[in-house]
Amino acid sequence: MEFNEDVSLDTSQVEDLRGAGGGGGFGPRIALGGGGLGIVGLLIYFVLNQFGGVGGGLPASTSGVGNGQQVNNSDLQSECKTGKDANTNHDCAIVAFVNSIQGYWDDQFARSNLTYKPAVTNFFRGGVRTGCGSATSDTGPFYCPADSEVYIDLSFYEELKTRFGTQGGAFAEAYVLAHEYGHHVQNLLGTSNRVKEGSGPASDSVRLELQADCYAGVWAKHATTAPSSKGGKPLIRNVSDADIRNALDTASKIGDDYIQKELGGGRVDPSQFTHGTSAQRQKWFNTGLQSGNPNSCNTFDTSNLG
């Protein structure tokens, strides 16, 4: 995939906290089904968190930031101006994805006579303090409903390839972000407040996560036409079949059953499912992708989740 080189990026939608010294050791820890969450599934804890977590750092060549460097939004503002920068700079590509995803949802909400409230994506390294408590990189990417913001340690993308075994690629990274913004949409629409705590193959937690996957697929369908926040022109020039395959591959490697079997000791326990199986995650991303319609993502009215 490529970005349109002449479209401006909006770095105000991203907060770079990587030079702030972390924050994972302060305040109450975010915990599955408790702490600042209240409802299982409001944060996208990839189930590996239950089996030892995700660790490791991101090489400077991947993140664009060396150990010990102080990074702040002024660097993003100077480096990430247009889609041309997104084609060559990983950080700028993430900014572009955030802009595209939010541009789509802003337009979609307006078409439904609703108001979309943008959510900031925070880049952090090691640990971070949020409205939901403190978290470490082991958490994986997540959305905090208390402050309506997305958090990601960009090293997670390397972990997806090296430990989860995904093919990776830019559009796979976009899928992860689009899923998190799916949770933001759920929060804005009040869906999150109506779900019940619990786990299991038909739990509200699984339905919430699969709906976020479906919303990610809806954005993917419109990725090349979604207006940017600056100027209204689309940021993404093209999306190939290989890009879609990479996104689906990522979905298959973060299903509850795959993670429990391949990374958690080999035993699959459906009673502990919180995100859905690999097949379900692929199915619902595809549902959104094929329909391009958020109304097709009503996982809560579907007795058979696939």
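Two strands count as paired if DSSP finds at least two bridges between them. In this predicted model, β2 and strand β3 (residues 121-123) are joined by three bridges and run parallel to each other. Within that pairing, Asp 16 has Phe 123 of β3 as its bridge partner.

These strands belong to an open sheet of four strands, which follow the order β2-β3-β7-β6 with mixed pairing. The edges of the sheet are formed by β2 and β6, each of which pairs on one side only, and from one strand to the next the twist averages 25°. Helix α6 packs on this sheet and touches β3, β6 and β7, while its direction makes about 20° with that of β6.

The elements of this part of the model are listed here.

| Element | Residues |
|---|---|
| strand β2 | 14-16 |
| strand β3 | 121-123 |
| strand β6 | 142-144 |
| strand β7 | 149-152 |
| helix α6 | 170-189 |

The crossing in which α7 passes α10 is right-handed. By class, the contact between α7 and α10 comprises nine nonpolar, five polar and three charged residues. On the α7 side the contributing residues include Val 206, Leu 210, Asp 213 and Lys 221, and on the α10 side they include Arg 281, Trp 284, Phe 285 and Leu 289.

Technical notes:
Residues are numbered from 1 along each chain as its sequence is written. This is a predicted model: local features need pLDDT of at least 70, side-chain atom pairs count only at pLDDT 80 or more; totals for chains, interfaces and linings use all residues. Side-chain values use heavy atoms; hydrogens and water are left out. A crossing is left-handed if the near helix is turned anticlockwise from the far one by less than a right angle, and right-handed if clockwise. Helices (H or I, at least four residues) and strands (E, at least two) are DSSP runs, numbered from the N terminus. Contact means heavy atoms within 4.5 Å. Ala, Val, Leu, Ile, Met, Phe, Trp, Tyr, Cys and Pro count as nonpolar, Asp, Glu, Lys and Arg as charged, and the others, Gly among them, as polar. Axes are lines fitted to C-alpha atoms, for helices over the stretch in contact, and angles run from 0 to 180 degrees between N-to-C directions.
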